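Trainee: I have a structure to go through with you. Please hold me to the definitions.

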Amino acid sequence: MQASAKAPPQERRPFIARWDLDKTYLRTDFDTVRDLLRTAIERPDQKRTVPGAAALLRELGRAGVETHILSGSPEQLRGRIEEKLRLHGVRYASLTLKPNLQNILRLRFRALRGQLGYKLPSLLLRRCELRAQRDERGRILQEVLLGDDAEADAFVYSLYADVVSGAVGRDELAEILRRGRAYDDTVADALRWASYIEQALGAHEAPVVERVLIHLDRQSSPAEFRIYGPRVVPFYNYLQATLVLFEDGRLPAASVLRVAADLVVVHNFERSALARSFLDLHRRGHVSVAKIDALDEALADRLARGRPAAASELVAMLEALKPLRQLGPTPAAPAEHEVDYLALVEHHDPRRSKRRR
């Protein structure tokens, strides 16, 4: 493998990542009181993380992406969560946690488990709080949202994307929130934040939310998420999430290699699983074979500078992918897709739906 001439670096566009924590970064459980108590007393070094999540968070920081964390974890865990993020070298711009104690004191018991009435207004508020809605060249500050399949993230994130794009109007949003059992003041807050964003953005040519990535913690079928359109990409591991961001031009090829190496060295990923991760995404139409050459060049560059971690596994991955270069067109950009949120809102939370059955 010989190093080839490097392509000119792509312009780095300002970008925002919004992360859930539970089952997306931390392996947390809040289904029972025992789960909650165990999580509350765990030391930061005892908290388990999803393999590859910290590596991707570090790569986003390395690429200059502004990361905002929005979690359903209770506010009382802030100190432990902040310490865990520090241990992993994760940089972030904000950390929003759920005010469960305040909800209990106000007798707002539906809010303890509800996600729609918590996450949607929080997302809208955080968007309002940005220093600017556009960069210095007047381009929309776009976002990627990362969540999981354990709760309502695909529904909430898609709804947020369509609210800030103008596809979901004020009256429809109010009805969706009411059917989702949000409190009246929560509905009013969401409508207010949405109106501020609409005024700040005006007409815009690009979507605010470029991509929604959903970690399949419960091993749900990716087919279950087709109702949300191609903007939503379910993924099984963080190499896949990194590959999608690489496909979208948000991360360089070197980030893919570093996340893959982290999965092998730290989390004992098998070398065959690396290539299968790409193959699965390609089969579902989320990554193109055109990117394989860039990965090959990045690996050649790393090998020329010394033997990197997991070198043999990375070489094996690229060798397995090279025959694919003759296959398939480049995936199309996510197209507009109309989602019937009013029809979906009754069953938008998998955990709540499971308890009702």
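Mentor: Start with the cavity. On a 1 Å grid over the protein atoms alone, a cavity is a set of points where a 1.4 Å probe fits but cannot get out. Points are joined across faces, edges and corners, and a volume is the space filled by probe spheres set on the points. This is a predicted model; local features need pLDDT of at least 70, side-chain atom pairs count only at pLDDT 80 or more, and totals for chains, interfaces and linings use all residues. Residues are numbered from 1 along each chain, and side-chain values use heavy atoms, without hydrogens and water.

Trainee: How many cavities of 30 Å³ or more does the structure hold?
Mentor: One. The largest cavity has a volume of about 40 Å³.

Trainee: What makes a residue part of the lining?
Mentor: An atom within 4 Å of a grid point. R18, H68, I69, L70, S94, T96, L123 and R126 line the largest cavity.

Trainee: Which element gives the most to that lining?
Mentor: β2, with three residues. β2 (66-74), β3 (94-98) and α6 (116-128) each supply at least two. Helices (H or I, at least four residues) and strands (E, at least two) are DSSP runs, numbered from the N terminus.

Trainee: How is the lining of the largest cavity split by class?
Mentor: Three nonpolar, three polar and two charged residues. Ala, Val, Leu, Ile, Met, Phe, Trp, Tyr, Cys and Pro count as nonpolar; Asp, Glu, Lys and Arg as charged; the others, Gly among them, as polar.

Trainee: Why is A241 called buried?
Mentor: Buried means under 20% relative accessible area, with a 1.4 Å probe and protein chains only. A241 has 0%, so the label holds. A241 lies in helix α10.

Trainee: What is A241 in contact with, leaving aside neighbours within four places in sequence?
Mentor: L56, L213 and F235. Contact means heavy atoms within 4.5 Å.

Trainee: Which residues of α14 are buried?
Mentor: In α14 (residues 311-321), they are A311, E313, L314, M317, L318 and L321.

Trainee: Why do the buried residues of α14 line one face?
Mentor: Seen down the axis, they fall within an arc of 165°, so they line one face of the helix. The arc is that of the directions from the helix axis to the C-beta atoms.

Trainee: What covers the buried residues of α14?
Mentor: The cover includes α10 (238-247), α11 (253-265), α12 (271-283) and α13 (292-304).

How values were computed:
1 Å grid on protein atoms, 1.4 Å probe; cavity = no way out; pocket = protein on both sides within 12 Å on 5 of 7 lines; lining within 4 Å. Buried < 20%, exposed > 50% of the residue type's maximum accessible area, 1.4 Å probe, protein only.
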